[in-house]
Amino acid sequence: MRKNSLFLLGAATGVGLTLLVTGPQGSQLVAAAMAATGPDTYSQLNLFGEVFERIRTNYVEKPDDAKLIEASINGMITALDPHSRYMNEKAWRDMRETTSGEFGGLGIEVMMEDGLVKVVAPMDDTPAAKAGILSGDLITHINGEAVEGLTLEQAVSKMKGPISTKTRLKIIRKGMEAPIEVSIMREIIRMRPVSYHTDGGDIGYVKITTFNEQTTDGLKKAIADISKQIAPEKLAGYVVDLRNNPGGLLDQAVSVSGTFMARGEIVSTRGRTAEETQRFAARTGDLIKGKPLVVLINGGSASASEIVAGALHDHKRATLIGSRSFGKGSVQTIIPLGTGNGALALTTARYFTPSGHSIQAQGVVPDIEVLQDVPDELKARFDMKGEASMRGHLSAEGAEQSGSQSYVPPAEKDDKALGAAYNLLRGVTVNAGVPSSPRAAVPN
């Protein structure tokens, strides 16, 4: 079996990608491909070669061969699904930088929408947040260059850069007649994946915003600090908030799930053949020692977030409150292509919750659905379309489901889902279909 490691990526794109890293195997892959191709495939490859040579020889200006090849690769990848992509060397380096949790930039999570860069959310206490960037803003120009026609990686790359240098953004904001122009000074962005506090002296609240290399350590610190602030006999339980968390590293999703489980399967990935199936199980042990747990999800909870929510739900370890999650349930394999050539993110499998449920284009359904009161002027901005609406997405195993609400009120007192979680843990709300205390984990 090939040696590899699995992880998820989502912070830069707004939608998590399940990724498997393998080593470069260029000559072996080419040989295998040649052995598997038929006469029609060879004919099409010959056609590609002829078109490439015609362009190099006859185009009105001498083209850049490397750019032609990269554009050809990108064109081929876009014919697959929305999560497969080619990363040149710089994009590959930026991705690894992002997952480490520290980089020079503005501090915004973004995704592509209708050819423009859409702000998913500004990160707390970053240059973007201080400059007044809002969720739902559409970035049309970066440093005077139009975003339309750029890939997401290219746009993100233009916003990153050395600290103490400026990035100029032109933004379209719903409700504003004219575009907004802002100049933002880049700073070192240290992504804090975990924040926490206590409520009422009896509940620990933990918010996980992304799954990077620091997430599990941050979660353990949160649990340790909450345990010092609230005596065990007074602790009613924990709320883990995964709303609008777009994903991150798979090993972190597994270890975060394992933090609340004594044992059992967390997630499995299944490829084209049975031999490609992999299973990941809990190893850490339940650090909150069986205390009741509520997990908050919504239409912006994707990929790694859905793995955690699905695992804790299937093992009846947590009650899920909120709205249906995004529905990103496919696995991408990251294949480094050798020095200077970047890497390929290729969809190779789907992932499944412990009960065998595929999240792809369906999402995770909460035990208790709670919809927020969204201000009229924000309703269009916070209705997530979900994976099922993405062009070229992998089909669901069953009826596909649309996205759901992703709005989270800025003030806790207005947050109906969080209020429902607190009430459930304190025994104020009684719901016959929802466990008020955790049951034993499902053995695997």
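These legends describe close-up views of a predicted model.

**Figure 1**
Buried residues make up 50% of its 444 residues. Now take the contacts with a separation of 6 or more: residues 24 or more positions apart account for 71% of them. The accessible surface of the chain comes to about 21,200 Å². Carbon and sulfur atoms supply 53% of that surface.

**Figure 2. Helices α7 and α8 pack together.**
Two packed helices are described by the angle between their axes and the distance between the axes. Here, helix α7 covers residues 215–229, and helix α8 covers residues 250–259. Their angle is about 20°, and their axes lie 9 Å apart. That makes α7 roughly parallel to α8, because angles under 35 degrees count as roughly parallel. The crossing of the two helices, α7 and α8, is right-handed.

**Figure 3. The residues where α7 meets α8.**
Which residues of α7 meet α8? They are Thr215, Thr216, Leu219 and Ile223. From α8 come Gln252, Ser255, Val256 and Thr259. Sorted by class, the contact of α7 with α8 has 3 nonpolar and 5 polar residues. It has no charged residues.

**Figure 4. Helix α9, largely enclosed by the rest of the structure.**
Helix α9 runs over residues 304–314. Of its 11 residues, 10 are buried, so α9 is largely enclosed by the rest of the structure. Lys316 follows α9, and its phi is positive, near 55°.

**Figure 5. Thr353 in a loop between two strands.**
Find Thr353 in the loop between β20 (343–352) and β21 (368–369). Is Thr353 buried or exposed? Its relative accessibility is 4%. Buried means under 20%, so Thr353 counts as buried. Which residues does Thr353 contact, leaving aside neighbours within four places in sequence? They are Glu265, Gly310, Asp314 and Ile359.

**Figure 6. Ile335 in strand β19.**
Strand β19 spans residues 330–336 and includes Ile335. The relative accessible area of Ile335 is 15%, so this residue is buried. Look next at the pair Ile335 and Leu346. In sequence they are 11 residues apart. In space they are 7.8 Å apart, C-alpha to C-alpha.

Conventions
Residues are numbered from 1 along each chain as its sequence is written. This is a predicted model: local features need pLDDT of at least 70, side-chain atom pairs count only at pLDDT 80 or more; totals for chains, interfaces and linings use all residues. Side-chain values use heavy atoms; hydrogens and water are left out. Axes are lines fitted to C-alpha atoms, for helices over the stretch in contact, and angles run from 0 to 180 degrees between N-to-C directions. Helices (H or I, at least four residues) and strands (E, at least two) are DSSP runs, numbered from the N terminus. Angles under 35 degrees count as roughly parallel, over 145 as roughly antiparallel, 65 to 115 as roughly perpendicular and the rest as oblique. A crossing is left-handed if the near helix is turned anticlockwise from the far one by less than a right angle, and right-handed if clockwise. Contact means heavy atoms within 4.5 Å. Ala, Val, Leu, Ile, Met, Phe, Trp, Tyr, Cys and Pro count as nonpolar, Asp, Glu, Lys and Arg as charged, and the others, Gly among them, as polar. Buried means under 20% relative accessible area, exposed over 50%, partly exposed in between (1.4 Å probe, protein chains only). Accessible areas come from the Shrake-Rupley method with a 1.4 Å probe; for residues, only the protein chains shown count as cover.
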